[in-house]
Amino acid sequence: MAMTTTPEAGHSQAEATYRPAANRLGLWLFLASETFLFAAFISSRFVVSGTEQPEHLNQGLALLLTLLLLWSSISAFRAEAAMAHDNRRLFQREMLTTIVLGLLFLVGVGIEFNEALTDFPANSIYGSAFFMLIGLHAFHVLTGILALGVVWNLGRLGHYGSDNHWPVEGVVKYWHFVDLMWVAIYPTLYLFGGS
Amino acid sequence: MRQLLRAVIFGILGYLIGAILTWLIRGGSLGDEVCVVFGYVVGLIGWLFGIGMGDTWVREWFGLPAREFEVTGWKRYLGFSTDHKVIGVQYLATFVVVLLLGGLAAMIIRFELAQAGEGILNADRYNQVMSMHGILMVAVAVAAILGSFGNYLVPIMIGADDMAFPRLNAVTFWLIPPVAIGLLAAPTLGSFDAGWTAYPPLSIVNNGGQILFVLAVTTFGLSSILGGLNVITTIVTMRAPGMTWGRLPIFVWAAFAASMISLLTTQFFAASLILIAMDRVAGTVFFDGGAGGDPLLYQHLFWFYSHPAVYVMVLPGFGVVLETITHMSRKPLFAYKAVVVSLLSIAGLSVIVWAHHMFTSGMADYLHGPFMFASEMISVPTGVIFLSAVATMWRGKLWMKTPLFFAMIWVFQFLMGGVTGIFLADVVTDVSLHDSYFVVAHFHYTIMGGMLFAFLTGIFFWFPKITGRMINDRLGIIFALWLTIAFQLTFLPQFWLGTNGMNRRIADYPEQLEGANLMSSISAFVLGGSFLLLVYILLSAAIRGPKAGDNPWNASTLEWQVSSPPPEHNFSGQPTIVGHPYGYGTAGSRHAEFADMAAGGQAQPKQAGTGEGADDE
């Protein structure tokens, strides 16, 4: 993601003409590539454990996590729109909301892991798939939060404006992507199949 | 130099911090695999921070201006340079060294196999050397052409001044040294011995070196993904005015198709290796059949990348060879459009053929037919490329210099590899030939023949451009013939050995196969010796070869229209593309025109061709 948060050093006058397109395409290619990573893990879950589900799944917590993440996507979108309109105060507020929601999500994952360790440990087949998928996603949430933090700080310091906010756009797109992956992982682990 | 030193120190410190912290939190021993994993990850971050990310990205993340280093001369090659030409040369030098190391391992293998029974290596040691040879050579095959020529030539060929993400490009290269260090350090934890394929269940229970293999190869995968991303973005967004898709030099198309594959499918290799690491370190049971896991899952994930990976290896090779053949035959590339379609359809087909590696693995029978059919489909576009190479030479004005020699040999080698591949794609024959030396001979003809010979073609073709000096042509041709004859005598007997029942990856074999093995071994040493000549040719040419001039081959594409080596931002003025890259034999044909900034900055290029270029803005 590194390249999504910072524009590359300038080289020539031609830079200005291709840079926006290159940044966008680079980010989309990166997300396409990441989709393959998630696809590999999600299909692994179905290969090793089918649609099997253990009895003690904390459905309530998972639904809450889903709502948190969906809400954070909305606030991230609002932050980007605010920066596009040079509304820096709204940008900061929505960005912080997104970060806090992301952190709450991680806390929720921590609780979830703690419960899971007793109900279906990693050396069970569903446990393997569960820890792997949620862990991979949580790692992406963590990197997303770090990137959001960097962009929030730089926005606060006045580095971006309505005509110059590619890093905000890039990080927010990444955050939407992470959200979208959860939308695929949640049914994979919690909704499909069942006992 | 200071950056490199700092990177090494930060890398070592990072490793120690990661490993010791894990050890303190968790207890156990410092050599435990968990400690190694965290040590490696923190060490890798430290390395990247030290080599230059700390001066550039990380400072910008905190709102500080990036620190610039003014480094000139040869020292650029030892630091964090964002110049695509420097990075190309860094790749070239690195992978020539890795190639020689992998070759050394091959010599040890052939020494052991010269006679039946246990020789210098016991069975365990043999597996370790064989695994090391495998993974080093796979790394060379995946990254050598795309990393070196892809970086060096793609921006120049499309009329750009650099790659789309120059810093990312530098990071992509500097991810490679930790890979080499990780692989070569594996013996300290007990060498990995599961081959380059690292199949479980062996790879989840063997020596600790396997974890270093997993970490290093995952890092390598990250490098190829980021490299592929950069190449595609560069080609899509940075083409010069008038450089329509139909006017791209064929090497650019090949790099594009190969980058597509490595961008997307490499994630599956990463996934399979991460699952191996989890099974080893975190106690999951993905591949543990006893606990309900499925080792076949690994093979599916692994080959979903690793079969397309052979096209990451050979597609850029196709590009290099076709490029060389068309320039040295003084003819336009035959069936340019069909070749482009073939390159792209190979990239597309490559992801639906993976299970032909698994015909004997016990997967469901109904999968055999479709995968056999899809695999054999690939011979159609490959055949088109082969025919294009031959038809371009047909009635051409062949300029028999070393690059064309290598390209012609490549055509033969790839024919051998392709034809023998049909037997392996076919279920009925593969059931007998699987895991035999027939397979070994086949993929050495395709990968060594298809990729390494293309790599050598490229080295001999673009050496004058990169260094500004000519190679001794007579020595080059001697090297080509020496290598080729030794190659045939090494690998032809292995087809016979395979059909007569010699297994691959086993240190011993029945005594009646000794004669052919001895012949193969002796030829292999002769083959290995030829690389000493290569090193001599390259070094002597680089130091005191005659000056090459801008365009020693009198070729038409953009990289030959600038000085050798090219100036810092490639072009002094903006090139405008006005015609097809291979207009040989057509009177008045031009590929590009330059706005000459040197002549007062007033001269304007003719507007020809820009109308056609407008549609892909």
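Residues are numbered from 1 along each chain as its sequence is written, with chains lettered from A and ligands numbered from 1 in the order in which they are written. In this predicted model, local features need pLDDT of at least 70 and side-chain atom pairs count only at pLDDT 80 or more, while totals for chains, interfaces and linings use all residues.

**View 1. Confidence in the model and in chain B.** The model scores ipTM 0.92 and pTM 0.93. Chain B has a mean pLDDT of 91 (pLDDT is the predictor's confidence in each residue, from 0 to 100). In chain B, 96% of residues reach 70 or more.

**View 2. Residues 597–617 of chain B.** Here pLDDT stays under 50. The model has 28 contacts beyond four places in sequence for this stretch (two residues are in contact if their C-beta atoms, placed from the backbone, lie within 7 Å).

**View 3. Chain B against chain A.** Chain B gives 41 residues to the contact, and chain A gives 35 residues. Helix 10 (250–281) of chain B is among the helices that each supply at least two residues to the chain B side (helices, H or I, at least four residues, are DSSP runs numbered from the N terminus). Helix 10 of chain B supplies the largest share, nine residues.

**View 4. Domain 1 against domain 2 in chain B.** Domain 1 spans 2–61 and domain 2 spans 81–544 (bounds come from an automatic or database domain assignment). Their C-alpha centres lie 31 Å apart. The contact takes 14 residues from domain 1 of chain B and 15 residues from domain 2 of chain B. Helix 2 (residues 33–53) of chain B brings the largest share of the domain 1 side, eleven residues.
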